[in-house]
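Reader: Can you walk me through some contacts in this model? Start with the terms.

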Amino acid sequence: MTVVVVCAGGPKEELCSFSPYKEQSDVLFIGADRGALYLIEQGITPHAIVGDFDSLSQEEYELVMAHTNDRQRFQEEKDETDTDLALLKALTYTPLEIVLTGVTGGRLDHYEAAVRSIYRLQKEHPQVVLKIINHANMMQFLMPGKHIIEADEQYRYLSFFAHEEPIKDVTLRQVKYETTNEKISLGTSRFTSNEIIGESGSISFSQGICLMIRSID
């Protein structure tokens, strides 16, 4: 399977658009807790649902359970979050890409937990692209090396931040503000709001972890 979309139960207005994924035949959808209900409301039948479902009413719970045969219910008291469980489920499909939505705009602890989970899983599974997407932003972690970034009119602005340690030998090409062998220090905002020139740009670096955020104006 090429892409797995994981929908968590954050504020509905923060969800990404499901339309591009609904049109693809090689996409699976996983609902985490209330995220399963969000998918059903969008006319999407989840391939799997996981969580403790403590955010659903009995009526909503019965509706969700009736929409898939692959369902895993966990106790409310557990080590993993519902989002973690859904991400682990997504990895069992050996996808090329995992898209996580429904984790922004609500509780900050849930958002921070989701970011840390994406970071950890990206390090553990470098062959999989993991992204957090909401209605206006796309976030992902980049490991050392060269990365081609395709232009996207929807996500015009491009920003880079150092995560946990400085990023060394940063070279940016085919962007409005190019650099050669520079450093992104922790805490700097200098590499915010760049733009791709042409069909694609690129970033390469030799050390560190880069948090890349693409945004709509």
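Author: Buried means under 20% relative accessible area, exposed over 50%, and partly exposed in between, with a 1.4 Å probe and protein chains only. This is a predicted model: local features need pLDDT of at least 70, side-chain atom pairs count only at pLDDT 80 or more, and totals for chains, interfaces and linings use all residues. Residues are numbered from 1 along each chain as its sequence is written, and side-chain values use heavy atoms, with hydrogens and water left out.

Reader: Fine. Is F29 buried or exposed?

Author: F29 is buried, at 5% relative accessibility.

Reader: How many aromatic pairs are there in the whole structure?

Author: The search finds 2 (ring centres of Phe, Tyr or Trp, its six-membered ring, within 6.5 Å; planes under 30 degrees apart are stacked, over 60 edge-to-face, the rest tilted). F18 and F29 are edge-to-face, 6.3 Å centre to centre with 75° between the planes. F18 is buried too, with a relative accessible area of 3%.

Reader: And Y119 with F141, how far apart are the ring centres?

Author: They are 5.2 Å apart, and the planes are at 55°, so that pair is tilted. Y119 lies in helix 5 and F141 in strand 7 (residues 137-142), so the pair links parts 22 residues apart in sequence. Helices (H or I, at least four residues) and strands (E, at least two) are DSSP runs, numbered from the N terminus.

Reader: Switching to helix packing. Which residues of helix 4 meet helix 5?

Author: D84, L87, L88 and L91 do, against S117, I118, R120 and L121 in helix 5, where contact means heavy atoms within 4.5 Å.
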